[in-house]
Amino acid sequence: MATEMAGTVTASGATAAGAGQLTLEDRVWLLRAMLLMRGLEERAMTLYRQGKVPGSFYDGYGQEAVSAGAAFAMSPEDRLCILHRDLAAHLIRGVPPARILAQYMGRATGITRGRDGNVHFGERSLGCVGMVSMLPDMMLVATGMAMAFKLRGEPRCALTWFGDGSTSRGDFHEAMNWAGVQRLPIVFVLENNQYAYSTPLEKQFAVDPVQRASAYGFVGVTVDGNDAEAMFGATFAARARALAGEGPTLIEALTMRMHGHAAHDDMKYVPKEQVEEWRKRDPIERQETRLSELGVDVAAVRAEVAAEIETAAEEALAAPMPEAGSAVEGVFCEGEAEPLGDGVPRWSGFLG
Ligand SMILES: Cc1ncc(C[n+]2csc(CCOP(=O)(O)OP(=O)(O)O)c2C)c(N)n1
């Protein structure tokens, strides 16, 4: 049962109702998306260690359910601002795995065509905005898109992810305030992974930021961020509210950053016991257990995904580097900007 307190909902009944919308095939897709994310990031980390990924490398190990569950609930016509630990969202929107690995390696076939080998990308043709490095500016971008949907009377929704570190920035408050005042169709997903680089939660905020939602006049929900189905359910409910004109929702996904901030960070500042405690709540294992109990051949899904990753790696490694002269292209908008396109429908509710 949901417990309402100052606009904050925990252990939401709506979340469970939303998760009830998933068919067995949907639930397997959620597992696939998480396995693909983890496998691709592990492959990319190896490529990084081989010197094939320039700069550093950022991953979302242990946080796969947050992006997979939320992105799965968004329709192709919705628009997403995806952050640096949310690879599953790109995959769910329809970005082929080979393009992701090519992106990390700065190849011409990557999403930014070699302009950024890092996590700052978004495939416009699939309804995603390229990630802005300054945090959390994507909250403002998503709020602006939601404002456009409202002004044009379009029945769609914007969603963005951001970390606990973002909650201390002014942009967080500006976006939340405007979205609340205008009752915009937007879902804010706060990925509370316990650390912002080396800053733990107790040095980040005095009050759980989910409670701030009520200060801006909308619902805040706390969800188990290591449960893909709970994430789907909460996002499904938030999207329904947004489309019904009931305004934004802040979803706080409780999770843990299981790796360092990036490949160069050994996270010595994180107590080992804390990591071990969270390891027991691994989102992929949880989904596998569920599906095994329903008779799904989880090992076969794993093998299929592993093969897909190997094929993607071969393709990405064979892809060319960009022509040096192309570095000056696409710096400024030339002519009419292409409007954002739609993503691939994944959830069965969008297929019919
Ligand atoms: C305004 C701003 N300051 C600093 C950075 C550098 N930076 C990138 S990620 C990061 C940590 C952010 O922590 P959090 O928001 O909790 O997200 P997490 O990385 O834990 O997912 C920092 C400090 C940045 N991108 N933007």
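Predicted model: local features only at pLDDT ≥ 70, side-chain atom pairs only at ≥ 80, totals over all residues.
Trainee: Where is the place of Gly-60?

Mentor: Gly-60 is in the loop between α2 and α3, the latter being residues 64-72. The C-alpha atom of Gly-60 is separated by 6.9 Å from that of Arg-257, although the two are 197 residues apart along the chain.

Trainee: What makes Gly-60 buried or exposed?

Mentor: A residue counts as buried if 20 or more other C-beta atoms lie within 10 Å of its own. Gly-60 has 29 of them within 10 Å, so Gly-60 is buried.

Trainee: How do you know whether α2 and α5 are roughly parallel or roughly antiparallel to each other?

Mentor: Their axes cross at roughly 30 degrees and come within 10 Å. Angles under 35 degrees count as roughly parallel. Therefore α2 and α5 are roughly parallel to each other. Their crossing is right-handed.

Trainee: Which residues in α2 and α5 meet?

Mentor: From α2 (residues 24-49), Leu-36, Leu-40, Arg-43, Ala-44 and Leu-47 meet Pro-97, Ile-100, Leu-101 and Tyr-104 of α5. The residues of this contact divide into eight nonpolar, no polar and one charged.

Trainee: What surrounds the ligand?

Mentor: The ligand has 15 residues around it, and the closest are Leu-135, Gly-163, Asp-164, Gly-165 and Ala-196. That shell divides into five nonpolar, six polar and four charged residues.

Conventions
Residues numbered from 1 in each chain as written. Near = placed C-beta within 6 Å. Nonpolar A, V, L, I, M, F, W, Y, C, P; charged D, E, K, R; others polar. Axes fitted to C-alpha atoms, helices over the stretch in contact; angles between N-to-C directions. Helix = DSSP H or I, 4+ residues; strand = E, 2+ residues; numbered from the N terminus. Parallel < 35°, antiparallel > 145°, perpendicular 65-115°, else oblique. Left-handed = near helix turned anticlockwise from the far one by under 90°. Contact = placed C-beta atoms within 7 Å. Buried ≥ 20, exposed ≤ 12 C-beta atoms within 10 Å, placed from the backbone.
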